[in-house]
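Please read the points below with the model open beside you.

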Amino acid sequence: MGVDLRQVVAGILTITMFVMLGQMLHRDYFDAVQVQGDAHDIVFHGSKVALKEDGLVRSSEGPWMENSHQLKPCWSISQPDEEVSSKGYVTFSLTNGPEYHISQITDAVMVAKHLGATLVLPDIRGSKPGDEMNFEDIYDVDKLVKSLESVVKVVKKLPSHVSLRDIAIVKVPTRVAEDYIKEHIDPIFKSKGNIRVTTYFPSVNLRKSSLDGETDPVSCLAMFGSLELQPGVNDLVESMIQRLKTHSKNSDGRFIAIDLRVEILEKKNCRETGAAGSKTCYNAQEIALFLRKLGFGGDTTIYLTQPRWESSLNILKDIFPKTFTKEAIVPEDKKSKYLELENSEYENVIDFYISSRSDVFVPAIPGLFYANTVGKRIALGKPQVLVPAEISGTSGLSTDYISPYISKKNHLAYSCFC
């Protein structure tokens, strides 16, 4: 009995379909994460926010959005007729990474300005005891001093005649306002003459509120116009961005940055929020499926904030082979200085500034890194921040997942830029 060629072909096609179905089922499996959360867990509010399709660039490699025009500062601070006077000193430290540094410098400047005090250049402290760096190791001192010269006087060191015993430690809430300073801090300053400011964070979101009133121009200047990387660190970040762009030739140099750190995910309870398809954080497999269903091709270049490669990230690399952690793209002659030290401040800074400059930013973890990265991106005209969610079906529109910070224009940055 002869073999029907059509039956053979049909059989091969059937087997192929089953293999493809098996692969799809494997990729659609989500591991349940059962770990202890922490007090700073917050939810991505309103993951699905519709935007107009205008500006969306669809290609075989992904739904890339064009950058908008770079915004200009709306704040205006008049130059004083005479040199800014000083009645005492305000000291502080930068801690916990660049996303916190932005808020800490803002609060310290606000306090010094409204007290009429001199600001002392901060040191930078890591998460471990003894992890200390000078401000100029990471940031541009001249830029800071010049940008603030019409607001506060800045000195590099506390004068030798000022005793540490004469400095009162004052805790201030982030986004501290003039009224709070007058009521709670001014009396202490008048009594002691010098204070040390430490910022605490009742909230880690940077949404505008109707209760905020008009944004203080001093706050805008400090938050968006004072901190810049010193030349050596800035050159390193630029070189890493260029390496990522080189890997992205098929997408016109575009790349995605994902804030995904395994150690933090393991400490959080990535639970459902009640909103359809929304969770408090997302693992590598969930992010990979999210991006694939939005239409990003397998040739897409991805940068992860994860310090070193972990096996749990393999699923992401299986779907997007051009996925890199910083150790893969830092120039060899820079690794000993920026990656092989126990102090991780350099690495945190690299992550923050690459995430701010990428064509797409995806926060797998909510918090201040996400909020302040969005602020930087708004100022740079880079609106494509995609908040992940589980997409039912086989595909979704990337414009449905734009961060509400941007789609609703409710980020503090929109009070400072226009």
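1. Axes here are lines fitted to C-alpha atoms, for helices over the stretch in contact, and angles run from 0 to 180 degrees between N-to-C directions. Helices (H or I, at least four residues) and strands (E, at least two) are DSSP runs numbered from the N terminus. The model is predicted, with local features needing pLDDT of at least 70 and side-chain atom pairs counting only at pLDDT 80 or more, while totals for chains, interfaces and linings use all residues. Residues are numbered from 1 along each chain as its sequence is written, and side-chain values use heavy atoms, with hydrogens and water left out.

2. Helix H2 (residues 98–115) and helix H4 (residues 178–192) have axes that come within 10 Å and cross at roughly 70°. H2 is therefore roughly perpendicular to H4, a term that covers angles of 65 to 115 degrees. Met110, Val111, His114 and Leu115 in H2 meet Glu178, Ile181, Ile185, Asp186 and Phe189 in H4, where contact means heavy atoms within 4.5 Å.

3. H2 also packs with helix H12 (residues 345–357), at an angle of about 85° and with the axes 9 Å apart, so that H2 is roughly perpendicular to H12. On the H2 side Pro98, Glu99, His101 and Ile102 take part, and they meet Glu345, Asn348, Val349 and Phe352 in H12.

4. Arg165 lies in the loop between strand S8 (154–155) and strand S9 (167–173). Arg165 counts as exposed because its relative accessibility is 73%, the term meaning over 50% relative accessible area (1.4 Å probe, protein chains only). Its C-alpha atom is separated by 9.5 Å from that of Lys192, 27 residues apart along the chain.

Notes. Parallel < 35°, antiparallel > 145°, perpendicular 65-115°, else oblique. Buried < 20%, exposed > 50% of the residue type's maximum accessible area, 1.4 Å probe, protein only.
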